[in-house]
Structures are given as structure tokens and as C-alpha cells.
Amino acid sequence: MTDPNPDSLTFIPAATVVIFRHATDGGAAEVLMVQRAKEMRFAGGAAVFPGGRIDAADRTLAARLAPEADPDTTAAKIAGVRETLEETGLAIAVDRPVTAEEARQARALLLEQGELAPVLERFGWSLDLAALTPFARWCPRWDGAFDTRFFLCDLGTGAVEIAVDATENTRLFWASAARTLEMADNGEISVIFPTRRNLERLAQFATFAETRAHAETTPIETISPRREERNGETHLTIPEGLGYPVTAQVMATVKRG
């Protein structure tokens, strides 16, 4: 339920990354989806974009790497890079090509250390944080909700090696945003309300370049879904004018994290 006094609520800062690659069939760009383990507190069993909470170590690294940049945005980008490597084995936003073996070793070190800084030092990586384009920010109005910043990132390639972490997640797959929505509609996967809205937004574009151009010209405001009565039915709604082609869904059909 929505708390009548938002000032009394506490939120968990988080980041997620929509990762693009060229489609194997030459069609619309594909995005990486992560199927969560059913036991997970957030979005258990659902297909989501890679990501997770922002740690204190992410903020420390952000202050070191970009002391004059917005600390919250930089920490969120670092968290997105770290969580992507941990969950999928992909090294994103690194300023040079990374081999599959190097990424495998880096992931093992990250899982051992729990922080990205030792990984950067060990492999001599520098982060290209500009490779992560801000896309959206979502934060439900309930205590303990995730305040999640969404970013876009392009691999600039086709087939790449990925491997599920087998703890928080059970499956990884690539598909266009439109195909992922079809999978959800057919019951092949489950997607929660924010993921569906973002997939619908992504499905408007065929390439990463088109999606990034849209993101760069669309205002980002924190989206907090609200309940609204329409024609005798309760809908979950989001604001107009933020790039989303669908802004309401009948509450009875909504899957929530």
C-alpha cells in the first residue's frame, strides 16, 4: 500500500542495465534477460534486466573514479557494471576489449572479493561510464522498496559468452523486447509491472542507437506507480510524457515484485 507520508519511507538504492547486442537473425536488437530464482525476495521467478542494490563499496569507488560527477548516478553505474559481471559474466563499460577468459577470471575474483575495485586493479581495467546511458528511474512508494536507476548499454557485437550465476538466477536469454513481451503473453516467462512497461518502451525501437537517442531526449522523473479507478476497475498507472506507450494496466493482471 502507498504510505500517506512519503517522508517516513526508506528506499534501497539500486541499478539495472538494459544490455543490447546485435540480433543473430539481423532483426531488431536483442536485450539480455535474467530469470530470477523463485526463492528471491524481489521478483522471484520473474525475468528482469541484470542489476541489484548499490553497495557502499560502489559509492567509494565512484568518489575515487569521478569525484566531480553526481555521486548517486556514478555509484549506480558502477553497481550496474558489478552486478552484470556477477550475474551474467559480461564485462560492460570497460574501455578496451575483454576476452571471454579474462571475463571469467574477473567474475571469479568479484565473487571472491565482493567489490569491483580489486577487479579493475587486477586486470588493469578502466571504466567507460559514459557507455551507460540513463534511461529511467522507478521507485514504488512503500517502505523498503528499491529505488532503481535504469541504464542502457550496447555490446556492439553479436554472439557473446554468458553464464548464469545459479544462485540468484536460473536462466539467461537474449531476445528482442517485442519477442520478450510475446514470451510473457504466452506464459513462457513472467514479467513484473516495471519490466513490462520498459519492454514496451524498448520495443518501439529497432536499434540501440534509436533507443539511446530517445533516452537522451526524454525527461527522467522518478516513476512511482499509483492505483486509479477507471470504469469500475482498479488500474496501476504511471505518468504520461516519460516515453512509455502504455501507462496503465488493470490491477488484477499486474505481476509485482
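Two strands are taken to pair if DSSP finds at least two bridges between them. In the predicted model described here, strand β5 and strand β8 (residues 222-223) meet this criterion, being joined by two bridges and running parallel. Tryptophan 138 has isoleucine 223 of β8 as its bridge partner. Strand β5 (residues 133-138) is also joined to strand β6 (residues 146-154), in this case by five bridges and with the strands running antiparallel. Within β6, phenylalanine 151 is the bridge partner of proline 134. In general, the strands of a sheet pair through backbone hydrogen bonds, and the pairing may be parallel or antiparallel.

A further set of strands forms an open sheet. The sheet has three strands, arranged in the order β9-β10-β11, with antiparallel pairing. Strands β9 (226-230) and β11 (248-250) stand at the edges and have a single partner strand each, so one side of each lacks a neighbour in the sheet. On average, and with direction ignored, neighbouring strands of this sheet are turned by 35 degrees against each other. Five bridges connect β9 with β10 (residues 233-237), and these two strands run antiparallel. Arginine 226 has threonine 237 in β10 as its bridge partner. The hairpin of β9 and β10 has two residues between its strands, and asparagine 231 in this hairpin takes a positive phi near 55 degrees.

Helix α5 (residues 177-185) packs against helix α6 (residues 193-202) at an angle of about 140 degrees, and their axes are 8 Å apart. This angle makes α5 oblique to α6, since only angles over 145 degrees count as roughly antiparallel. The crossing of α5 and α6 is left-handed.

Phenylalanine 20 belongs to strand β1 (residues 12-21) and phenylalanine 208 to helix α7 (residues 208-216), so that the pair links distant parts of the chain, 188 residues apart. Both phenylalanine 20 and phenylalanine 208 are buried.

Ring pairs also link Trp138, Phe193 and Tyr244 into a cluster. Tyrosine 244 has a charged group over its ring as well: the charged end of arginine 201 sits there, 4.8 Å from the ring centre. A contact of this kind occurs at phenylalanine 123, where the charged end of arginine 122 sits over the ring at 4.7 Å from its centre.

Glycine 45 lies in the loop between β2 (30-36) and β3 (47-48). The relative accessibility of glycine 45 is 18%, so this residue counts as buried, the limit being under 20%. Arginine 171 is 126 residues from glycine 45 along the chain, and the C-alpha atoms of the two residues are separated by 10.0 Å.

Conventions: Residues are numbered from 1 along each chain as its sequence is written. This is a predicted model: local features need pLDDT of at least 70, side-chain atom pairs count only at pLDDT 80 or more; totals for chains, interfaces and linings use all residues. Side-chain values use heavy atoms; hydrogens and water are left out. Helices (H or I, at least four residues) and strands (E, at least two) are DSSP runs, numbered from the N terminus. Axes are lines fitted to C-alpha atoms, for helices over the stretch in contact, and angles run from 0 to 180 degrees between N-to-C directions. Buried means under 20% relative accessible area, exposed over 50%, partly exposed in between (1.4 Å probe, protein chains only). Rings of Phe, Tyr and Trp (its six-membered ring) pair if their centres lie within 6.5 Å; planes under 30 degrees apart count as stacked, over 60 as edge-to-face and the rest as tilted. A charge sits over a ring if NZ of Lys or CZ of Arg is within 6 Å of the ring centre and within 35 degrees of the ring normal. Angles under 35 degrees count as roughly parallel, over 145 as roughly antiparallel, 65 to 115 as roughly perpendicular and the rest as oblique. A crossing is left-handed if the near helix is turned anticlockwise from the far one by less than a right angle, and right-handed if clockwise.
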